[in-house]
Amino acid sequence: MKTSLVTGATGQDGSYLIRKLLSEGRRVCALIRRASTSNMSRLSDLREGIQSNGSELIYCTGDLTDTPSLMRTLGEFEPDEVYNLAAQSDVRLSFDVPEFTGEVDGMGALRLLESIRRLGLTEKTRFYQASTSELFGDVREKPQRETTPFAPRSPYAIAKLFAYWTTVNYREAFGVFACNGILFNHESPLRGENFVTRKITLGAARLRAGLQEKLLLGNLDARRDWGHAQDYVEGMYLMLQQDKPDDYVLATGEQRSVRDFLETVFNKLGYELVWSGTGADEKGKDRKTGRVLVEIDPQFYRPAEVNYLCGDATKAADKLGWSPKHTFDELVDDMLQHDIKQVEREILHR
Ligand code: NAP
Ligand code: F7E
């Protein structure tokens, strides 16, 4: 049985990837950063131990800022694969905690790769690095692909740039089977509530139920290439099953603005947004009732914004046979239906 170690196991992608790896019959070591409060909500239905198909799930404790815990875990399990998904992944927050973000997102990848080397696992352990479309930042080309120059715009992206090149370097210098997945935004009902898509689907569901007055947002004109996280973990897995290590963009090739996302969600709930005002004074009102549903709060603006991202995943399609399965509409429906039910439960438990 092959063993896969997943860092960032409690996050959105970690929870989908663990299910994928278990379905492939793996022994999965899920690295958890233990805290005084539980962070296991996305894994609450997964029991530690042997699963019904013979695969196995093991929870282990570790932190990307703590080399001994990484050495201990890698040494104990000698995994065939490491998927490094752990990160301080909030771009806005990275401007407030730049050093911490660098430690986890940049140095964390180095700590893992150097531990693999020191433990003599360079020939055994394949490594996936969760790289990001944020590397393209102030984009130099449209759409963005593997050869597009990087132009990072945040401490998050700069830390991820360090991790990207560290991954390439360990592949070239030490022969580690190491891959960068340069993933464009991917969302799901398990997305953190601080990211804009989930903030909108949950906020709109709460607003309709009378639990929230309005939605306060930042830059509505930023454009993103949004896919479904379930499709993207398939691509991560495929990258480590190839004959040779390489770097791949995963994206849908479609881009929409935050405003488009908002209008789609509100339409599905029976509202029609009409816009008035400009900049921080802009408001979105319901056409029928005149009720203000959306307002701008400048605290959600970023010191430096990434305005436009749209990926070209041709290489992943050709070499991995990967393509996204969910449409944009299916993604929004999946998130919104989930959040409507979540709000109903919230009301029941009041
Ligand atoms: P996420 O939901 O924010 O999950 C991040 C995970 O990292 C959580 O499990 C978190 O644990 C863990 N973590 C944070 N700091 C840690 C540390 N010091 N040591 C160990 N674990 C730590 O992120 P995601 O959306 O699943 O994304 C997964 C990865 O892909 C991240 O590296 C992200 O930067 C990258 N990425 C994401 C996207 C996207 O659109 N989702 C696109 C491109 C790249 P806690 O539960 O303890 O906080
Ligand atoms: O912002 C704008 C904001 O925080 C998207 C992470 O997974 O994907 C994610 O990073 C856009 C930005 O995601 C609000 O200014 C407007 O332009 O949902 P987000 P992100 O920054 O694109 C990449 C690929 C990653 O790698 C990251 O880890 O939406 N926006 N108003 C807002 N954003 C937030 N969060 N909140 C607002 O109120």
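A polar contact, as I use the term here, is a pair of N or O atoms within 3.5 Å; within protein, one must be able to donate a hydrogen and the other to accept it, and residues adjacent in sequence count only if both atoms are side-chain atoms.

I note that this is a predicted model, in which local features need pLDDT of at least 70 and side-chain atom pairs count only at pLDDT 80 or more, while totals for chains, interfaces and linings use all residues. Residues are numbered from 1 along each chain as its sequence is written, chains are lettered from A and ligands numbered from 1 in the order in which they are written, and side-chain values use heavy atoms, with hydrogens and water left out.

**Ligand 2.** I looked up the polar contacts of ligand 2 and found a polar side-chain atom of lysine 199 at 2.7 Å from one of its oxygen atoms. For glutamate 305, a polar side-chain atom lies 2.6 Å from an oxygen atom of ligand 2, and for valine 196 a polar backbone atom is 2.8 Å from an oxygen atom of this ligand.

**Ligand 1.** I then listed the surroundings of ligand 1, which 25 residues surround, a residue being near if one of its heavy atoms lies within 4 Å. The closest are Thr10, Asp13, Arg33, Ser89 and Tyr156. A polar side-chain atom of lysine 160 lies 2.8 Å from an oxygen atom of ligand 1, whereas leucine 64 places a backbone N or O atom 2.9 Å from a nitrogen atom of ligand 1. I also noted glycine 8, with a backbone N or O atom 3.4 Å from an oxygen atom of ligand 1.
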